[in-house]
Amino acid sequence: MKKLLSSLLVLMTLGAVPAVAQLSVVDRFDRSATTDLSTSPPPYKWVKLLNQDDPSASLQINADSTVSVYNALGDGHMGGVAWDSLFTDTSQAAIIVTQKGGDGINGTFFLNFRMNSEDGSAANGYRLAYIDNPSGVDKVILQRVTSGVNTGDLVSIQREIQVGDTLIVKVEADKTMKGLICGANGVRDSIVTNDNTYNPSSWYIWLRGYQFATPAKFTDFMFGRIPADTTHPVFSVTPTTLSFGAVAGGNSAMDSVSVQNTGDGTLRIYSAAAGSIDYTVRPVSALIPAGSSVKFYVTFSPTHSGSAGGTLYFNHNAAGTPGTVSLSGSGSGGSYPVPAVTG
């Protein structure tokens, strides 16, 4: 009980009470040390990941009620476990860093989520990766996971992780994925992305990482539900048409539109893209708080002579998605790229 209370006191000093108040400490790792977390008795539901590079690969419970990676093959090899029950969207999970360790290259520790199985070499899903860099700034990344370990970075943040920091992953009802760092020093950072390449209706959570000479240690595995969001963002854009006129080949023209959120919840612009190679837009995504607006800049660079129409699409989390803006312009004189010859 003392361990649980101390953990909650730490979390309450983070300036992020709304995030952690929805979490329950499920495992404090306060039992006998072992090299295999998966041998824990009920009510714990840990199981080893299937098809790891050695049968011993797991997480170990240390004498100080923390866990770290264990693999009999030694440093540079991975170990991991899964919580053997299924989660659904509007779930979140977290763990607290108690000792740092890493080489700046391999992932120190991963919170995998939306994983479609417990197979360490075949499952698909996502993960929050924490990479400790002893000679520089640490990094936290939301990644897409294919075949257990092959990854693609989605969004990242350079952030020095401190002992006592809490790493959190959240999957919202609209499938927005968030990675949060709730700092022991009161500083909170987050990264947000939306990707449905893999979209199981129910999924597993893993804890996994690499073994290092100085092991990274963690405590207090937590998870919980995310309360339903009763707020409603409202999308609007002005103007709804942009006309660039005549632009000579090799040149470009820029204009902008303003996206407003007149609702009472955060408006998420998952993507902004033009349906024509003659137009580009920046930024390509945005989070717009209630009552705020963001400018999107559109550049017209004609690739051919004559009329060049297009449409700017905003995919967002409000009603009526996607929002659109009509684009028009024409190429007039100048030089244009020579089309590639095929066949």
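1. A quick word on terms before the pockets: a pocket here is an open set of grid points with protein on both sides within 12 Å along at least five of seven lines, and lining residues have an atom within 4 Å of a point. Bear in mind that this is a predicted model.

2. Start with the largest pocket, which comes out at a volume of about 600 Å³. Its lining runs to 24 residues, and Glu-172, Lys-178, Asp-229, Thr-266 and Arg-268 are the ones nearest the centre.

3. Where does the lining of the largest pocket come from? Helix H2 (17-20) and the strands E12 (177-182) and E13 (188-193) each put in at least two residues. E13 gives the most, with 3 residues.

4. Next, the second largest pocket, with about 220 Å³ of space. Among the residues lining this one are Leu-154, Val-155, Thr-176, Val-192, Thr-193, Asn-194 and Arg-268. Arg-268 is worth a look on your screen: it lines the second largest pocket and also sits among the residues nearest the centre of the largest one.

5. Which strands build the second largest pocket's lining? E10 (150-158), E13, E19 (267-274) and E21 (286-288) each supply at least two residues, and the largest share, 3 residues, is from E19.

6. By class, the second largest pocket's lining has 7 nonpolar, 4 polar and 1 charged residues.

Technical notes:
Residues are numbered from 1 along each chain as its sequence is written. This is a predicted model: local features need pLDDT of at least 70, side-chain atom pairs count only at pLDDT 80 or more; totals for chains, interfaces and linings use all residues. Side-chain values use heavy atoms; hydrogens and water are left out. On a 1 Å grid over the protein atoms alone, a cavity is a set of points where a 1.4 Å probe fits but cannot get out, and a pocket is an open set with protein on both sides within 12 Å along at least five of seven lines; lining residues have an atom within 4 Å of a point. Grid points are joined across faces, edges and corners, and a volume is the space filled by probe spheres set on the points. Helices (H or I, at least four residues) and strands (E, at least two) are DSSP runs, numbered from the N terminus. Ala, Val, Leu, Ile, Met, Phe, Trp, Tyr, Cys and Pro count as nonpolar, Asp, Glu, Lys and Arg as charged, and the others, Gly among them, as polar.
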